[in-house]
Amino acid sequence: MKNKRDILLTVAGLVVLFGAACYAQFEMGSYVRRIINLCLIYAIIGLSMNLTNGFAGQFSLGQAGFMAVGAYVVGIFTVPVELRPNVFYAEPMNPLIADIQMPLWLAQLVGGLLSALIAFLIGWPVLRLRGDYLAIATLGFSEIIRIVITNAQSWTNGALGIKDIPALNDVRYIFIATAITFLFVTCLINSSYGRAFKAIREDEIAAEAMGVGLFKHKCMAFMISAFFAGIGGGLYATLLGTVDPKNFLFTLTYNFLLIIVLGGMGSITGSMLGSIIVTAGLEYLRVFDEPLELFGMAIPLFRPGFRMVIFSVLLMACVLFWRKGIMGTNEFTWEKFMAFCKNPVKYFTQKGAN
Amino acid sequence: MSTVLKTESITMRFGGVTAVNELKLNIEEHKIVALIGPNGAGKTTAFNMITGVYTPTEGKVKYTAPGKDEVDITGKRPSDIAKMGIARTFQNIRLFKDLSVYENVMIAKHLHLKSDVFSATLHLPWYNAEQREMEKDVEELLRKVDLWELRNEKASSLPYGQQRRLEIVRALATGPKLLLLDEPAAGMNPKETAELTEFIRQIRDEYNLTIFMIEHHMDLVMEISDWIYVLDFGMEIAQGTPADIQNNTRVIEAYLGVDEDA
Amino acid sequence: MLIVYGGEEMEFFQAILNMSASSLAQHFVNGFSLGSLYALIAIGYTMVYGILLMINFAHADIVMMACYFAFFGITVFHIPWYLTFVGVIIATAILGVVIERTAYRPLREAPKNSVLISAIGASFLLENLANYLFSGRPLSFPDIPLLSQNIAIGEVQIQAICLVIPVMTFLSLAVLLHIVNHTKTGMAMRAVSKDYEIARVMGVNIDRVISTTFIIGSALAAIGAFMWGVRYPGITPYLGVMPGLKCFIAAVIGGIGNIKGAVLGGFILGLGEIFIVAFFPQLSGYRDAFAFIVLIIILFYKPTGLLGVKTTEKV
């Protein structure tokens with residue numbers, strides 16, 4: 001955001017979108033709202049993943065785990081106290097937390113902070129090492145989180161999951177959370193710290209020689225990313241209304257991986273686009289899981305599981321043939337937007353020439 | 001003249017290979033000092049020990065920022081060493097390739113940033129003041145070295161000579177007291193080398209630097225250096241003024257005698 | 001994990017004292033055979049990492065596919081199990097090479113993260129394909145009475161496969177070490193893993209070396225998978241995931257790129273896991289977390305792994 005005009009336009013854009021969110025809230029059915037909300041939540045988590053993987057170049061696969069942390073904190077602390085005996089019927093809730101109830105925003109915040117703290121604990125030993133160990137450590141962590149959740153019966157209700165989470169299918173609230181995340185990440189990336197992250201991505205040795213402390217900055221990016229993944233996880237919990245350990249299989253992380261690869265690793269607006277396409281796409285692809293009959297003939301390919309096959313082929317195809325994704329490391333800017341509005345043909349032909 | 005950098009018998013072994021053996025350097029303020037020697041003599045390894053990329057197997061590296069006390073920097077992180085005022089370039093240019101010229105130099109300013117990450121993200125007034133300061137400095141620096149017009153170009157799209165220059169400028173932007181240049185003239189033609197010679201002198205005077213460089217272009221080395229160290233098989237075989245070195249028989253045997261460029 | 005309250009600590013020593021020699025032996029055999037399986041699979045990870053510097057996420061799913069191949073061979077096509085065993089090895093080796101050709105080779109010059117994503121994609125694709133083709137319902141690995149029978153040695157009841165597994169592992173390891181250390185192919189492999197560029201300049205056929213690596217790694221995975229199936233007969237599309245993660249960890253804690261290290265790591269994890277559960281039954285739910293905790297501890301004290309050598313990046 002270089003100048004006043006761009007800031008104004010961005011604010012105006014957000015206001016218009018907020019208006020659209022209000023419209024969606026009042027005028028659209030709950031199914032559509034649910035999809036919009038899912039897009040928005042996925043955008044938050046996609047952004048958080050892009051921060052580590054796309055901007056700081058640290059390959060983390062822990063998003064599902066951090067989401068689980070946020071989701072469970074929201075689950076545990078927002079279920080009304082009087083409903084808890086009902087939820088925790090197998091084993092009563094631990095007396096330490098049995099009487100603590102929080103409003104959603106506070107629980108979300110606590111969940112985000114707890115995620116960030118856990119990120120620090122994982123990052124502390126692992127971020128000093130060769131980069132790709134982070135992938136395994138975070139993947140392992142997201143499984144450990146599930147193991148812990150499944151076993152800590154009196155805290156999390158174990159494999160039974162937590163139900164009766166006050167459901168929130170409110171587009172406005174989730175839109176605001178997404179907008180805040182978007183603005184935060186954008187401002188962070190455009191600050192000196194954001195440049196330091198990119199420097200680490202480009203060349204760790206050179207970055208370090210220019211005085212960028214590797215561990216400090218990697219840890220910072222990783223913790224901020226975990227924070228937002230936790231926030232997103234909290235929203236996810238309220239959207240579902242229930243959480244259970246199976247919601248947070250590590251394969252969930254692959255959704256966000258596709259979002260950032262498709263949108264462009266290292267592009268904020270790319271992640272936003274990616275999340276819309278992937279979420280809507282996954283919904284749309286559901287038809288592939290239903291048996292399909294054309295002219296009285298059953299098409300043999302269509303049966304449960306086909307959707308995920310297509311999804312994984314897309315992920316592969318994207319990284320094999322379209323490595324830069326939609327945006328590459330570029331961003332949507334108002335300048336480009338105006339150039340495009342003035343003369344779309346010229347915009348693309350010039351782009352082609354470059 | 002006070003000493004800026006001193007190494008006390010630093011030795012670096014990789015497995016069974018001794019890359020640098022008991023090297024003693026003494027670099028004085030405001031001097032241009034060259035480190036020469038045949039390929040594989042251990043010159044870059046010495047640089048890496050000074051800048052913290054490697055920790056010496058034995059020996060100590062001591063650094064005295066002008067007007068400050070001597071500090072032992074052996075084994076410190078490269079980023080901490082950079083903060084103390086030692087900057088470097090690399091033998092095979094290590095720019096942030098996909099970032100712009102401007103960003104490359106701005107990153108080098110990051111180490112002096114006092115604002116924490118939240119004030120930076122929220123662009124709070126004290127961060128903005130710092131940011132403006134950084135922008136001003138970078139603009140001034142880029143204009144001075146004729147890279148301002150190219151500021152929005154990707155670093156990797158610059159011609160080779162410009163990339164070398166940008167790398168030096170990036171190192172300068174960290175505000176060093178001691179600048180280490182690893183083969184700054186590698187791959188340059190005589191005209192470019194002459195320009196570079198002038199450039200090095202100019203920045204030395206303008207930014208009051210001490211310069212320590214590895215170089216193979218003997219005309220550059222002989223013209224510009226105040227003092228020269230010669231390394232062969234990890235050992236110092238000679239040191240002295242350019243005139244001394246040119247007449248040193250051991251150096252001629254080990255190095256000059258076989259180097260057609262000399 | 002060792003933080004226990006005073007009372008439980010007593011229980012722990014009591015548990016060891018109460019544990020008769022026979023049940024100790026029982027646990028040891030179980031741990032040793034599990035460790036052998038981990039070792040076999042870990043070798044595949046370590047070899048690929050040694051040469052391509054990438055985590056072959058799909059390796060775990062190669063194990064899973066091998067189990068399905070065995071199922072189809074024996075249960076569906078009624079091929080004798082020993083012939084199926086050979087067939088599974090061949091089919092799995094082919095699968096490994098196909099994955100390398102399609103998912104990794106086109107990205108050889110690409111940034112490391114792209115290759116990692118491609119590996120994840122390949123892994124995910126195999127899982128989803130298995131889920132789609134063979135349905136997500138667990139299938140039962142065909143029973144091979146010869147291998148699954150119980151043998152009584154004194155008081156100890158041991159499944160025959162538990163004795164076969166370590167033998168097969170050490171046989172495979174001996175063959176592998178012979179190939180790596182005493183054949184021309186092995187020399188080429190070592191050269192590529194030492195310095196990819198130099199090896200290429202020296203005329204080593206990189207593509208062939210990489211294919212060979214995938215053939216060997218996948219063949220070992222197939223052997224491991226077959227025995228895994230006999231020992232733990234439930235086959236699901238996701239059966240490879242946990243063992244896969246643990247085996248990669250085994251390779252890392254042993255020192256990535258080092259074959260003997262992978263074997264060592266495999267045994268540490270296998271024995272550790274079984275004994276943790278044996279001594280602390282109340283922790284059995286956390287069994288799968290053990291490997292990750294060992295990983296973090298070992299990496300913290302010895303970042304290059306137990307048998308790893310320190311490498312310095314050229315600057």
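Is B:E195 buried, partly exposed or exposed? Hold that thought; the exercises below work through a predicted model.

A word on the ground rules: residues count from 1 along each chain as its sequence is written, with chains lettered from A and ligands numbered from 1 in the order in which they are written. As this is a predicted model, local features need pLDDT of at least 70 and side-chain atom pairs count only at pLDDT 80 or more, while totals for chains, interfaces and linings use all residues; side-chain values use heavy atoms, with hydrogens and water left out.

**Exercise 1. Work out the setting of the salt bridge between B:K191 and B:E195.**

Step 1. The side chains of B:K191 and B:E195 meet at 3.3 Å, N to O.

Step 2. Helices here are DSSP runs of H or I with at least four residues, strands are E runs of at least two, and numbering goes from the N terminus.

Step 3. Now the opening question: B:E195 has 38% relative accessibility and counts as partly exposed. B:K191, at 59%, is exposed. The cut-offs are under 20% relative accessible area for buried, over 50% for exposed, and partly exposed in between (1.4 Å probe, protein chains only).

**Exercise 2. Find what the salt bridge of A:K218 ties together.**

Step 1. The partner of A:K218 is A:E204, with the closest N and O atoms 3.2 Å apart.

Step 2. A:K218 lies in helix α12 of chain A and A:E204 in helix α11 (residues 204-209), so the pair ties together parts that are 14 residues apart in sequence.

Step 3. A:K218 is buried at 5%, whereas A:E204, at 30%, is partly exposed.

Step 4. For the whole structure, a search over all chains finds 35 salt bridges.

**Exercise 3. Start at C:E100 and trace its salt-bridge network.**

Step 1. C:R105 and C:E100 pair through their side chains at 3.1 Å, N to O.

Step 2. C:E100 is buried, at 1% relative accessibility, and C:R105 is partly exposed, at 22%.

Step 3. Follow the links and you get a network of C:E100, C:R105, C:R108 and C:D207.

**Exercise 4. Describe the surroundings of A:T238.**

Step 1. A:T238 lies in helix α12 (residues 214-240) of chain A and counts as buried at 1% relative accessibility.

Step 2. Its side chain reaches the backbone oxygen of A:L235 at 2.7 Å.

Step 3. Leaving out residues up to four places away in sequence, A:T238 touches A:V74, A:L104, A:I165, A:P166, A:A167 and A:L168. Contact means heavy atoms within 4.5 Å.

**Exercise 5. Characterise the interface of chain A and chain C.**

Step 1. In contact are 45 residues of chain A and 45 residues of chain C.

Step 2. The two chains bury about 3,900 Å² between them, 79% of it on carbon and sulfur atoms. Buried area is the accessible area (1.4 Å probe) that two parts lose on being put together, summed over both.

Step 3. On the chain A side, the elements that give two or more residues are α6 (104-126), α7 (133-151), α13 (251-263) and α15 (306-321).

Conventions. Polar contact = N/O pair within 3.5 Å; in protein donor to acceptor, adjacent residues only side chain to side chain. Salt bridge = Lys/Arg side-chain N within 4 Å of Asp/Glu carboxyl O.
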